[in-house]
Each structure stands twice: as structure tokens, then as C-alpha cells.
Amino acid sequence: MDWVEITVHTTTAGADLVSEQLMQEGATGTMVEDRADIPDPSKPNGYWEMIDQKLIDDMPEDVLVHAWFDPQGFADRLHALHTRMEEIKALGLDFDLGTLAITTQNVKEEDWAEVWKRFYKPFRAGKSLVVKPTWEHYDPQAGDKVIEIDPGMAFGSGTHETTGMCMELLEETLHGGERVIDVGTGSGILAIGAAMLGAESVLAIDIDPTAVKVAKENIEHNHLTEKIRAVEGNLLEKTDEACDVCVANIIADVICFFAQPLTQHIVSGGHFICSGIIKEREADVREALDKAGYAIEEVRHKGEWVAIRARRG
């Protein structure tokens with residue numbers, strides 16, 4: 001089967017918003033191509049990468065959001081997408097969205113399935129966690145906890161700064177035996193990382209059934225089905241479970257909305273680790289956490305992104 005690939009030119013700050021619009025318009029999946037997601041191997045910054053410098057040099061200056069659509073009825077979808085991009089421009093957001101220019105091309109299914117794999121190599125997040133795609137070889141070092149991930153068409157390969165910061169904060173927060181909830185689990189990478197770091201049990205939730213399917217496959221592949229349960233749901237609407245640590249790598253607006261009701265699910269003194277926050281929204285998230293009664297313990301920055309660890313009172 002052939003697919004139509006749409007590419008939208010944007011910025012790091014605009015990538016999540018553009019990706020959301022593409023998914024709402026019916027994209028089968030999206031991929032963000034951002035040179036900021038591939039740390040420079042010549043500059044130590046907490047990540048360990050096995051990536052050729054040429055790969056970084058060849059990446060485009062713009063952030064490109066790729067999406068794939070069924071060709072049937074595509075003309076109407078393309079018109080709707082142009083309208084959506086114009087509506088986003090008219091919002092007057094306080095960050096640069098780039099040109100939002102749209103290009104299209106036809107691709108074969110086998111090309112679609114392989115296109116993003118060339119950017120995904122093993123890397124280290126924190127001191128002990130190593131994330132590797134299932135198709136790559138890696139020789140573990142002493143003390144390594146290796147997570148094997150096949151993101152499929154779910155979000156969360158681990159290479160994004162937000163995922164990496166969440167993993168680092170989980171490593172610093174978990175000491176063993178905790179109950180963890182991962183909201184917006186995507187590929188399940190944070191849930192798997194939490195279990196490998198010693199969590200007693202992990203509830204992984206995502207609103208997207210495709211993400212839940214991919215997460216379950218990755219959990220099984222890492223032999224963690226006894227510790228991690230992946231379920232479909234909108235935030236925590238369908239559960240009354242409590243946790244010691246909640247991790248949510250989503251977007252600032254959802255974190256602000258979610259902070260107060262989440263207090264009913266985190267035990268007193270428990271932690272909320274959140275990211276997916278562009279730096280322009282850091283103040284909004286801080287304010288929402290403060291109003292909900294959290295004490296902010298740490299704020300971490302990488303590139304355009306922010307991660308926060310807060311303690312529930």
C-alpha cells in the first residue's frame with residue numbers, strides 16, 4: 001500500500017502542537033525530525049550517543065513534522081490541514097511556530113516503516129539506564145539496565161529531551177518498592193524504566209489504543225508483565241489507584257489541568273515528575289503546581305524543554 005507523507009516545517013516549540021493537529025486530522029502516525037533531539041556527541045550532556053556526526057550535519061535547520069495519511073480522500077484532508085495551520089498562526093501564541101509550510105510526497109509502506117529508524121541509536125539516560133531499539137546491537141557495561149524499545153507508531157522513543165529528563169529524575173527519585181503511575185505512556189518507555197529502577201508496580205495509561213498496544217508489546221519484550229500494567233484511559237479518569245510517584249511527559253496545558261486532581265492519586269509526600277513543557281510555559285506550570293499544593297524540588301532544562309519534580313504536601 002502507498003501512503004501520502006505530509007511534512008510541516010515548524011520549530012522545536014511548535015512541533016507538539018503541529019503533531020497534535022496532524023493526528024486530529026487523521027494521520028496514521030507522526031515523526032518529529034529535530035536536530036535538537038540528537039545531542040552532539042562531542043558535548044557531554046548526560047546522554048551517551050553512538051551517532052555519526054554526519055547524521056547531525058545532514059539534518060535540516062527547520063524542525064520537520066512528518067505524518068502519513070491514507071491516499072483515499074486525501075485532497076479534502078490536505079485542504080483541512082492548510083486551514084488548521086492558518087488557524088494556529090492566527091492564535092498569536094507567544095512562541096515562534098516557524099513557517100508551517102506543508103509539502104507532500106507519496107511513499108511506499110516499507111519506506112514509511114523504515115524512515116525514522118536511521119535516527120534511532122542506543123543512548124544512555126542518567127547513570128544506569130541505556131535505551132536501545134530492538135534492531136540495534138549493544139554490549140552492556142557493568143551496572144547497565146538496558147531497555148529495548150520498538151516505538152512503532154507510538155510516541156516515546158526516548159531520544160527527546162523531555163523523556164530523557166524524566167528518566168533521569170525517576171532514577172534519582174526511586175529507591176525501590178514504589179508504586180508508579182505513568183500518564184501518557186506512549187511506547188511505555190518511562191514505565192519500563194521505572195520498573196527497572198526498582199518500582200514495585202507500575203500503571204501505564206494512554207488515551208491512544210495504538211500506544212497501549214505498543215506499550216504492552218514493549219513491556220512483554222522486556223519481561224516486565226508482572227510489574228507493569230498498560231491500560232487505555234484519559235488521564236486518571238478510570239482509576240482510583242494511588243501511587244508514590246507519578247510521571248507525565250505530556251504538554252503544559254494538560255499538566256496545568258491535571259495537577260490538582262492528581263493530588264487524589266499521589267500519597268502525601270509522594271512525587272510528581274512532569275515534562276513536555278516548553279520553556280515559555282514553565283511559569284504557568286510552576287503556578288499550577290503551587291496552587292495545587294505541591295512543593296517544587298527541582299527544575300531541569302535541556303534545550304527548549306523543562307522538566308519538574310514536585311512533592312505533594
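Modeller: L100 is buried, because its relative accessible area is 4%, under the 20% that marks a buried residue. The model is a predicted one. L100 lies in the loop that runs between α3 and β5, the latter spanning residues 102–108. In general, most residues other than glycine have a negative phi.

The surroundings of L100 come next. Leaving aside neighbours within four places in sequence, L100 is in contact with V8, H9, T10, V18, M85, I88 and K89. One of these contacts, V18, is also one of the buried residues of helix α1, which covers residues 15–24.

Helix α1 itself can now be described. Its buried residues are A15, V18, S19, Q21 and L22. These residues lie on the same side of α1, because they cover an arc of only 160° around the axis. An α-helix has 3.6 residues a turn, so residues three or four places apart point the same way. The cover over the buried residues of α1 includes the strands β1 (2–10), β2 (29–33) and β4 (63–69), together with helix α3 (74–90). After α1 comes G26, which has a positive phi near 110°.

Strand β2, one of the elements in that cover, contains T30. With a relative accessible area of 12%, T30 is buried. The side chains of T30 and S19 are joined by a polar contact of 2.9 Å, and S19 is among the buried residues of α1.

A positive phi is found in another leucine, L235, where the value is near 55° in a residue other than glycine. L235 lies in a loop as well, between β11 (228–232) and β12 (243–249). L235 counts as buried because its relative accessibility is 17%. Not counting residues up to four places away in sequence, L235 touches V183, I205, V254, F257 and F258. The C-alpha atom of L235 is separated by 7.2 Å from that of D206, a residue 29 positions away along the chain.

Among the residues touched by L235, V254, F257 and F258 bring the account to helix α8, which comprises residues 252–262. The axes of α8 and helix α9 (residues 282–291) come within 8 Å and cross at roughly 5°. The two helices are therefore roughly parallel, as the angle is under 35 degrees. On the α8 side the contact is made by A252, I255, C256, A259 and Q260, and on the α9 side by D284, V285, A288, L289 and K291. By class, seven of the contact residues are nonpolar, one is polar and two are charged.

N218 is placed in helix α7, residues 209–221, and counts as buried because its relative accessibility is 3%. The side chain of N218 reaches the backbone oxygen of S187 at 3.0 Å. S187 is also one of the residues in contact with N218 when neighbours within four places in sequence are left aside; the others are E148, I149, D150 and I192.

Finally, these parts may be set against the whole. The protein has nine helices and 15 strands, and buried residues make up 52% of its 313 residues. Among contacts between residues at least 6 apart in sequence, 70% join residues at least 24 apart.

Terms used: Residues numbered from 1 in each chain as written. Predicted model: local features only at pLDDT ≥ 70, side-chain atom pairs only at ≥ 80, totals over all residues. Heavy atoms only, no water. Axes fitted to C-alpha atoms, helices over the stretch in contact; angles between N-to-C directions. Helix = DSSP H or I, 4+ residues; strand = E, 2+ residues; numbered from the N terminus. Parallel < 35°, antiparallel > 145°, perpendicular 65-115°, else oblique. Contact = heavy atoms within 4.5 Å. Nonpolar A, V, L, I, M, F, W, Y, C, P; charged D, E, K, R; others polar. Buried < 20%, exposed > 50% of the residue type's maximum accessible area, 1.4 Å probe, protein only. Arc of directions from axis to C-beta. Polar contact = N/O pair within 3.5 Å; in protein donor to acceptor, adjacent residues only side chain to side chain.
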